[in-house]
Structures are given as C-alpha cells and as structure tokens.
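Hi,

Here is the structure I promised to pass on. Could you open it alongside this email?

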Amino acid sequence: MTARTRLYPLAAVACVTAALVIAGPPASGATRVTASLPSVSALTPAVGPIASGSTVTIVGKNIGTASSVSFGSAQATGLDEVSASKLTVRAPAHTAGTVDVRVRTKTGLSAVVKADRFTFAATVKPVSDLAVTATKSTSVSLSWTDPTDAGFSAVLIRRAVGAIAPTKPTSGTPVATLSSTARTFVDSTVKPATTYSYSAFAADSWGATASPAHVIASTASLSWSAGMTLPVPVDGPNPWNLGQLQCFSATSCIGNATISPHLSQDAQSDWLATGENFAVTLDAQGWHTEALPMPVDTDPDGVGPMSCLDVQHCVEITTALQSGGSDGSQSVLVVETLSPSGWSSSVLPVSSAWSQFEITQLACPAVGRCIGIGRYFGQDGVTHLFSDTLSAGRWTLTNLPVPTPPGPNAVPSLNSLSCASASLCVAVGSDAGPSDHTYLGQPLVETLAAGVWKAQLLPTPAGQFDDGSLDEVRCSAGGQCSGFADFEDLSTNPGGVEHPFYYAETGGVWTPTALPALPADTRLDLGSMTCPQTGVCRGVGQTTSANGAAVILTLTGNAWTVSPPLTNPDEGSPLPISLACPSVATCYLTAQGSQFEPGVIETLANGVWMSKALSIGDAQAGLLRDSCPTSTSCSALGFYVDPHEQPHAFADTLAGGTWTRTDLPLPADPGDTHLVHEFVADHADIDCAAAGECDALTGYLYNPTVGPHIPADLTALSVLHAGKWTKATVPGALSAISCPAIGSCVALGSTLVDESAAAAADDPAVAETLTSGTWSRARVPLPTGMSSYQFTAIDCVAIGVCTAVAQGIDPVSGEKTIFADTLAGGKWTLTPFTIDSAFGDTERIDSVSCPAAQSCVAAGEYVDSDSRWSVDFVETLAAAKWTVTTLPQVERSEQGTAPERASVSCPASITSCHLVTAVDDGSYGRLGVAYTLADGAWTGSSVPVPPGGLGEDGLDAISCPSDTSCTAVGDAQVADAMLPWVLTLR
C-alpha cells in the first residue's frame, strides 16, 4: 500500500452512522472530531471473468485507508492505494452473477449502492459453423459464426498438419488472431497437396478461451492452368470506327462505334451509305457491343456525338441517309436514346432550307435535358451555326450568333461543348476556316446562360501566331472552363508548324498559355481533353509522323508534361478520337482505324497504356522471356511482325491481375541506308529487380544495301520505372541481362552473327555493368581460340556476384561447346561444362538460375548421338563443382530435330526448381513439358497447350517467385495466328 500519514482521534470511535460524535461531554481542551464512512461511486471495469486475477479500479470517497475489499462474500487480493479516492484490486474467482463491491476502513464498511455492482461473466461460448469455403493449392478459406457474449473479443486460429486438430490455444501452429468483427479468414501459408486440421478458439477480453471448433481441409495439388492469349497486334479488314467515350469509373464506360459505311444503289438509282451503329460498353464482364436501332430505311453516315449521364442514360445524334422521299434519299438527323428500358430512335426535324448539316457536339447535363450544336449550309451560301435543345420532351432549333465574318470564305465551326449545369453551357471553335487564307480567324466561344446564347472572340497569343481554333473545352460544376487551341506560326508557310495553347477562363476572361515544346516531327490535332479533378487535365493529339501516333498532354497543378507517342502495335496508329479519365490514374482513349485497321481502345492503368482492338485479325507475335519478382508482378518480353514485315519488340506486364502491352523502342539505326530486317530472339532478355522495375534487351539485324550484317548497334535497352518504359543508352550488341538491384545490371553479348568470321578472335567477350547510371566494360574469359560465342543467360544474386552461361564453336573441331563464366570479387572465371559422352554434336545451354552465390542450375538440350532424339539436361553448381544430369523424357521429339529452348527457375535453393521446354511432335506442332526438382529427383509432365499446339518458339521462359508460383511464356498457334501464350503454376 502506498505510504500515507493518517491522523485519528485519541478517543475510541464507534461507527454507528455516517458521521458520529465522541460520546460524553468533551473534556477540558478536547476537540470534537467527525469520522466519515467509505463510499463507492464507480468500478472500472464493471464486468469481468469468473476466474480470479482481473484488475478492477475502485473510485469513491474516504477509501484511501481501506483495509479490505469484498466482491460479494469473496475477498479481493492485491489491494493497492492509488489516492484517497482510488484503489486497485484483483478480483477473486466467483460464480457467474452480479455482486456488490464494498470497501472496509477503520471507520467502517461502505454502504450498498448501484455504482458498486460488479458482474462475473461466464466463459465465452465457442464459435459455431466453422467451415472450409474454398481450397486452392496454396490457400485455405475459412468461415464461422461468432458468439454473442458481451465479453467476446477475438478468435484465435491454430493449425496442425494431418487429421488431429490442436486442442489448446497454445498447441499447433499459430495462424491468426482476429478481431471480434471477423467472420472469414484465408490462410495463404499452406503447402500444396497437404491435409490440415484447423481449430478456432473464441477468446474474451480477459484472456479466457472457449473450447475449440475443428475443421479439416486438404489443399489441391499444383497444376498448370489453361493458358490465355494476351493482347496482341492485329491486322486485317476493319469494320469498326470508334466514336466518343465516357467513363464513370474504372470499370464502367460507354461509347459508340459504326461499321464503316459503303455505297449501295437503291431501286431509285440513288446511292446510299449503308452501315450500322453500335454502343460500346465496359462493365464488370469486360468490353462488349450492342447494335443501335435506326428508323426504317435509314442508314447512318458514321457515328455522331454522344452524351451519357451513366450507362443507362445516353443520347447520340448522327447524320443519316433516309430513302423513300419525293426526291429520293435525303439527309436526316437521327437521335438514339438509351433509358433503363433500352435503346430507341427517332428522326429530328430540320429546316428544308438547310443542306450539308450536322450535329458536331452534344451535352446532356440532366435526364431529359440535352444541348446539341452543329452547322449547316444555307440558301444564302453562308455556313451557319445552330443549337438543337431537348427540354420537356421536345427538340428546339436555334441559330447561334456569330461575329460578322470578314469575307465570303469564312466558315465558322464549333468543335467542343461542355455544360457545367442544365442552364450553363460553353461551346468553342473558330470563327473562320477559309481555304485561301484571306482571313486566318480567331478562337470562338459561344456561351449559353439564362436561356440566351452569346458569342465571344478570344485574342490570339502574343507573337507570330494566327489561324487559331479552340478544339476542346471542359467546364467544372463551379462554372470554370478551360480548353485547348492550335495556332499556326506565321513565320512558316501556311500549313506549317502549329503550336498548342491552353486557355483558362476565370470570370469570363480567357487567358492562353503555351504548352510544352514538342519534337520537330510532332504536330497536334487536339481532339479531346478531360479533367478528372481540379488542377489535373489530360488532352490527346496526333503526331505527323508516318504512324500518326497519339500523344497525351497532362496538366498537374500549373505544369504541363507531354507523353511519348503511344505506339499502337498495328500497322500505323489509329487516329485518336476521344479521351475519358474517370480518375487521375485511369484513362481510356478511343482511336479510329483506317480502311484496313481496327479501331482501338487504349487503357491507362498504373501508369501504363494498353491497346485493345474491337476486332481480331491475323497476328504474328510471340513471347520470349519473362521475369516475375513477385507472384503478382511479371513482365514478359516478346516481338511481332507488322503488316509491312517489320519486326517490333514489346513487353506484356502483369500488375493488379491484368496484363498490359507496351511497344519497346528500336535501337539506333547505324546508317541511313539500313532498315530493320529481323528481330534476333537470341539478343533478347528481360530482368526485373522489383515489381514494376525492369530492364529489357532487344536485338535486331539491319539490312544494309551493301556489306554484311552488322550487329554492333543492334541492341536497344528499355527500362521500366514508375509504370513507364523508356529507352536507355546501351553500349553494344548484348544478349543477356541480370539486374540484382534497381539501377544495377550486368549484360553480356555475342560475336558476329557469321560464325565463321575469323575476326571474332579480335573481338573479346565483354561484360557491360551498369552502376549509378553509368555503363562500364570488363573482359570476360572465353575458351582458347574460340571463333564464335553467345551468352544465352546470366543470373546475378547480388551486385558483383553473377553466373553466366554460353555456347560457342570449338575452333579446332568445329563442334559446339558450352561453358560458364562466374563473377566474384571483381573477377570473371571460366568453367567449361562437363559434357556427357552420349551428347551428340548439337548441344546448347539456354538458361541459368542461381538462388545463392556458387549455387546454380543451368538448363540445356542436346541431340542424342545414337537415337537422334532431343534430350533435356541440367548442369548443377554446388560445392564449387558443376555436375550434369539428364532429365527423364516425357514427350519424344521428332528424330533429328534441333533442340528447343529450355528455361529453369530455382526461387530459393537448387534443391527446388522448375523447368519448361517444348518438343516437336513430328507434325509441325510443339508440345509443352514441365520438369520439377523436389526431394533430389527431377520429374516431368506435359502442360496444357492450345488446340493448335505451341508456336515456333514453344515455351521460352519460366520465372518462379516461390516454390509454388511460376509463370511460363511462349507462343501459341491459334487458327492462322501466332499469339503470346502464358501458363501459370499455382
């Protein structure tokens, strides 16, 4: 008890009431003293377990001198004085129920009051309905029902291997301690093909646990899942032209498309454009299309503007040809309306005096309220602007005011419309568009406020700029607007360089700001802008280069940045049409194809753009290598040949459960007379030091007009960082790369492609090492006199600790030989591989995996000298010695065929590895084979392949972030196309 000085009267005290006076008349000089009884005003907590030992704090008056505390008839222990008004005690064991807590001092016992009541709670009841809801090879999912006891606070999950479950909360393996609100749990720490017993213990706030609930679960065996094709370049006739797109979330978008119209002749010998309009929708099931209704005998002349409040409320207006009139076919405006009951269509009335009319922009700020803007050519020979407004179920035509044009050639136009509300809209464009440049025009703004349209011409930027047109406008809910404009540089010839500007509007005043400088060959036809939040905007344009690639401009705060051109892997790049960004990190770009190319939807997610075509044609594409730093992060390197027979490299990256495609840059052209001739698969490799941090090598041959192939400048190095691939300077012709850490890589290469070149002896092998952004070079030893070599793979377990495998031509026998080079202590060491006597004259080493220093497994294949069958083997480095092991044959390759590439991955040790390869089935097809090293032995099995079999390159690479998680890549023969193929081991 805390020491305290106490004063008591000398006379004896009898405690009869709450305040007593000393009996008898006071003696001479004596003082009359009052003594107070203790009282209890609060208990914390007021509920506790029936077991002893829980701490209870008592608050009251006159309790600092307590000699004992009772809980009902039982005495508390551990009495400790905190102050004159506070005590702490340890509650005794007690049967369930409510008792009074009373404090005794020398003055007496505290009275019974409501505040001193303490409840002993029974032990918490067990959880019920414990069940296994799902099992996979590496996870078990559990569910249960929690008890309803007041003291229930947690669930303890314990696990044991086998059918005998833990009986105590301290036995078995602890899996999880979950809060009282948890009802489910997924155990991801299990092994495949194993039986587990689980126990769930309900626990109360004082540490007591109920009897356990038990359940048994068996995990599935590891298996290769059926493969899937990844997004690939496409070629072939394209029926689609994509229109506008609106997105309301990352998985909810709607837009429009049309089949390219073509002319046909009707019975009246009038030519009609026949086509069909579609809605293009993104929902939880992915992208899909739906044909839109059209009035009878009406054919759309392409897609028109579309405005949607959500995926159930949309309006589209398009120009169409309608047959059956007194003068044959005539142009009409068709409105397509989407409501929760579906799509419907009708014809909008127009003036009979109009010709060549169209609705160019449409905005629907509310259900039943739409504003369309367009232009028509009148009988006066002048182009006029008009609006068509839907209100109270009726469409109303209105001519828009335009500043008086300075000449007969002026053609005003409105390019974009944005409505901050149902009563406030802004349309932008230009007041003139002449062909003879007699008047170069100014940006035009039309503003609808309080039911009245007003026109305003904006000043051009200071300098030699003119021919300005506002191409896009966006207005926020607060009425603030901004837009893009193009201005022609008058210092050049008409049609020369154009400069983009950004206009910001405040209080009706529009201020232009020049956008960032663009490459010399880039010209923007700004077609769209979107602002997912205040201060963040994106616009899209198109370059004037041969492929017409889309370019994204991004405004963050007051700073603009320009993306590299989005190189769509089709023949050329479709024309960008519309950009929609439902959030800062997610955007969708629709792009219109040409006559023989598909329309494309480009998706921005996690900083990377991915292309998706709405029609699938022939493709020639394959995957070569992959690198998977985690079980959910993977990058695969591949190539394809475009319709012009030009090769291109690309990377498919897995992040957030989705594969995205990015074209990689070409290497530098060694001369103006050279053209890219061939993608060299043996000069391609990829390594990812971490999720989203990768380095990829790609190699090409150039076809000069004269002379041999020159591989000296073949290689391009592409770097993935912060979600973007960029081109990096690379020092030479390289074929293998490994990056043990971000910004640290080692790359190796090969000699001339011509294996007989005597000059190879003067070209020693070198290692290129990247450190802190700088490449340095060091010699790598080769077998004596080797005339030709190629490093096929390298694995660096740490900076400065690497093992590379290679194959070459023996200068004496002319036979192929295989060897390894190891980097340690700043020095490279050569080790020729042990060659089995059964190996024929065709052997190759393809892959190496090193989970630790001086601990590696290398994979290769050879053709047996007697049977002429292709055989897989591994070379294992342990205790500073390489040993060879021939793998069991699962599928026999056709006799005499060259070995296919083998790839191996050992994520943690050389005692647990996975290897994939392919064999020729003898009928121009390839079968996939997977080998697993476990318990000291290699076993093999066939893996799923597409109906057409694997492609020419079979299965090229495997990467395993863990013993039970692997990704393998290759190519598949699907119909007449070769598509990238991915297999997963889970």
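Below is what turned up, starting with the disulfides.

First, the ground rules. This is a predicted model, where local features need pLDDT of at least 70, side-chain atom pairs count only at pLDDT 80 or more, and totals for chains, interfaces and linings use all residues. Residues are numbered from 1 along each chain as its sequence is written, and side-chain values use heavy atoms, with hydrogens and water left out.

Counting a disulfide as a pair of cysteine sulfur atoms within 2.5 Å, the total is ten. One of them links cysteine 419 to cysteine 425, S to S 2.0 Å; it is right-handed, with 105° about the S-S bond. Buried here means under 20% relative accessible area, exposed over 50% and partly exposed in between (1.4 Å probe, protein chains only). Cysteine 419 is buried at 16%, and so is cysteine 425 at 1%.

Cysteine 906 and cysteine 913 also form a disulfide, S to S 2.0 Å. Its S-S torsion is about 110°, so this link is right-handed. Cysteine 906 comes out buried at 3%, and cysteine 913 at 0%.

Now the sheet. Strands are DSSP runs of E, at least two residues, numbered from the N terminus, and two of them pair if DSSP finds at least two bridges between them. Four strands make an open antiparallel sheet, ordered E60-E61-E62-E63. Its edges are E60 (734-741) and E63 (774-779), each pairing on one side only. Inside it, five bridges join E61 (residues 744-749) to E62 (residues 766-771), and alanine 747 has glutamate 768 in E62 as its bridge partner.

Cheers
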